[in-house]
Amino acid sequence: MQRENYYILLELSINPPENDPGIIEKAIQNKKIEWSRLRNHPTKGLQVQKRINMIPDIQIVMTDEALRKKEAQAAVEFIAADKENKKSEIDGHIDILMGKGYIAKEDIVRLAEIHGIPQNEINDRITSKKNAKYTHIDQQIGLRMGKGYITEDELIKISKKNAMDVEELRKRIRCPIIKDEKEAGDLSIRPLDRSIEKAINDNLKVVGKKSLYDLLGLPETSDLNELQKKSGEKKKDLARIGRKDAVVTASVTLAGHCLTIFKSNETRIAYDVSLAKAKFSSIDSDINIAAINNKIRYEYFDALINKAMEFGMDKEEASSYIYSFCRKKRYHIEQKPEKKRRLVITATIFVLAAIVIIAGFFIFSKIHHKNVLKSEYQQLVKKINAQTDPDQKIHLLKNYVTTHVKNEYIDDVNKRITQIKFQANSNKFNQILKQADQLIETQRLDEAFAFYKQYSAQGLHKEHKKTVDNRIKEILTLIDQRDFEKLTTVSFKGEPDQKIKLFQEYLKIHPNGIHKGQVQSLISEINSEYFIYVKKMLAFYEKDEKWEDCARLCQIYIGIYDNSNSDRLKQLLLKYQENIRNEKIYISLVEKADNQGTNYTAADQIFKDFLEAYPESSITKKIKKAINRLNELRSIQNINQATNDMRLRLAATNGRFIETPPGVIMDTKTGLMWSMLDSDITQPDTCLTYEQGKKHVESLTTGGFHDWRLPTHKELAGIFETTPAFPVIGKKSYWTSKSYTGYSDGWQIQVETFSSKDSNQWELVRKNALECGAVRAVRNP
């Protein structure tokens, strides 16, 4: 049993097919969840369990590109087949409703609801059915126009036979309608002149068309104005064709006939009469051929009936016409042997067989067997002649071969099989040539090549395959010339990389092309030009560190040329490949560092370890930049942590120190505003001299203020030595605003600092201005 299609099952896009692995996997997971919910459903449980078991196979098929492509194609074919089956069912319903002669609007609405399709599609199917019906009716009308008129009785007969309104039928008739045959004498309608008719038919055979209507691509019921307009357009289109072969010449002649014949209703009717007479002439010719020794076998008679019915007669009319023609020609039509007569003959033979001697019995058995074989073979020939489909004919013949032992007819059957196959192949082959020629004429050479290659791989006849192979060679020569002309144009005005690309593509597509030597010479000629281009692009790519592009350019040049320039590029290629490897290492280091999350110290160590092992590499700058970035992140992290810690400590000062605005602490006793964090926190591991400390204060913008300054030692004592004290941890030595100039082994600047070894005991200490200190900035409110 055929499994469900996975594209349809997963409700994925089919046209175009969904190929995104993420979307496909998401669809599988969604379906897995949906099916899991329905596992215990009373009616859907078994089907859902089956689908859950299919999930491993679904994942295999939908993740494999080749299998997924086949699955998408199978989905398209399934939907097309389903649509075709639905069309067949709809057509059946339409046939039933059209039995009353029309289809009401409510019928269309009901059909659309039943089949779940839009009403306009139902209308399209009805129109198609009506057109097929009208085509059959037009055949019946066209055949009767051979007389140059149609009688009222014939009109009514066609109307009843096709369940069509008489007045509607009148609109489709282009010749005079008379009451009866007595009025025919007053008509003066004549067919086309024989010489004109012959010229038209000869040219129609050249272009492979049945009639002038077929040439214009219009139905025989077309309006005269439409025929005139189409004839003029056809003439103009043919005039624009430069190559004048036999088909074009014949088409031009026929277009001229169209302009003349469809100029008026009189000449058009004359042509229609000639068409109808030609059909009768074709039937008459077939009767004459079937009349061997003035006798028509009953098998041939049935084939003639079918031929006449194809032209628009019903069975009764066809039989009457053939009998009438045979009476005039004095042909005898053989009647089918009746079953009773065959039984009598058979009984007589057996009676005689009982009388004759044993030897006669054996002779009779042999003759009887031969007659049976002959009768079976005749029946087979009759069936073959009644068939129009070559495949059905071959099926009947092969069935005869497999169901009969070797006899005198087997060879003839095999010959017929060969002939039918050859004829079918010839017809198909002629269509292939015609379609391919149209592609070549419009310069669609690649499509023509693919078209011939497709059919070359099939089981063509030996002669046909030889012709196709020769045509393929001709097309390849044309493609070669076209590609070389394109290449030549670019070689004059294109950029070096465009030239090389086109030259290489030509050699790849045409490895044995007729211009191979010329292209190789062109490649050699632009050696220096292309090398200059490569150097320029390498400089551009190196600037942006696009090492893979650098390597690609080198490889292209090295692959084409073998000279001193390529030797230089080989050395550069080694460097670029090393850089590419380093870039991959850098990406790996970044991934490892990112995996450390907010542990910036551990991430920093990853880069430092690499830098220690490889201090000089193409990614050293990137490594150092990454380390700086991590230091910045770590500093921000420390500041945030210190800020949070400070806020907790300030909360214990009973409201003396409050944060306003953020990052600024106000001493509610003195009104002074202090920076929440000192320089030891905001600039860790940094030695601030006195001058650097002043610059640090001047650059502060904490809280949006720009007037920060160094405090006096009394201001510092006011927050650190009075309770509740400003919270601070560890050893501190804050610069104050007071400094002295003194001489000791040279002139020195001494600065008062407010220092503490344990953040509890503070003292005023003088320090050299070049020593290290910290800053606790203050501003007046």
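Glu-752 has Arg-766 as its bridge partner in strand 10. The model is a predicted one, in which local features need pLDDT of at least 70 and side-chain atom pairs count only at pLDDT 80 or more, while totals for chains, interfaces and linings use all residues. Residues are numbered from 1 along each chain as its sequence is written, and side-chain values use heavy atoms, with hydrogens and water left out. Helices (H or I, at least four residues) and strands (E, at least two) are DSSP runs numbered from the N terminus, and two strands are said to pair if DSSP finds at least two bridges between them.

Strand 9 (residues 747-756) and strand 10 (residues 762-768) run antiparallel and are joined by seven bridges. These two strands form a hairpin with five residues between them, and in its turn Ser-759 has a positive phi of about 70°. Strand 9 also pairs with strand 8 (residues 732-743), in the antiparallel sense and over nine bridges; Thr-741 has Ile-749 of strand 9 as its bridge partner.

Four strands form an open sheet in the order 5-6-7-11, with antiparallel pairing. Its edge strands are strand 5 and strand 11 (778-779), each of which pairs on one side only.

Strand 5 (residues 657-659) is joined to strand 6 (residues 664-667) by three bridges, and the bridge partners in strand 6 are Met-666 for Ile-658 and Ile-665 for Glu-659. The hairpin of strand 5 and strand 6 has four residues between the strands, and Gly-663 takes a positive phi near 90° there. Strand 6 pairs in turn with strand 7 (residues 673-675), again in the antiparallel sense and over three bridges, and Met-666 has Met-673 of strand 7 as its bridge partner. The hairpin of strand 6 and strand 7 has five residues between the strands, and Gly-671 in the turn has a positive phi of about 85°.

## Nonpolar cores

A nonpolar core is here a set of buried Ala, Val, Leu, Ile, Met, Phe, Trp, Tyr and Cys residues joined through side-chain atoms within 4.5 Å, where buried means under 20% relative accessible area, exposed over 50% and partly exposed in between (1.4 Å probe, protein chains only). In the largest such core, which has 28 residues, Val-519, Tyr-530, Val-534, Leu-538 and Leu-553 touch the most other members. At least two residues of this core come from each of helix 22 (462-493), helix 23 (496-509), helix 24 (516-525), helix 25 (527-543), helix 26 (547-560) and helix 27 (564-595). Helix 25 gives the most, with seven residues.

With contact taken as heavy atoms within 4.5 Å, and residues up to four places away in sequence not counted, Val-519 touches Phe-484, Leu-487, Phe-503, Tyr-506 and Leu-507. A second, separate core has 20 residues, among them Ala-642, Met-646, Phe-720 and Tyr-734.

## Asn-579 in helix 27

Asn-579 has its place in helix 27, and it counts as buried because its relative accessibility is 7%. When residues up to four places away in sequence are not counted, Asn-579 touches Trp-547 and Ser-618.

In helix 6 (residues 105-115), the residues Asp-107, Ile-108, Leu-111, Ala-112 and His-115 are buried. They cover an arc of only 135° around the axis, which puts them on the same side of helix 6; the arc is that of the directions from the helix axis to the C-beta atoms. Lys-105, Glu-106, Glu-113 and Ile-114 are exposed on the other side of helix 6, and just after this helix Gly-116 takes a positive phi of about 65°.

Asp-389 caps the N-terminal end of helix 19, with a side-chain oxygen 3.2 Å from the backbone nitrogen of Asp-391.

Methods
Polar contact = N/O pair within 3.5 Å; in protein donor to acceptor, adjacent residues only side chain to side chain.
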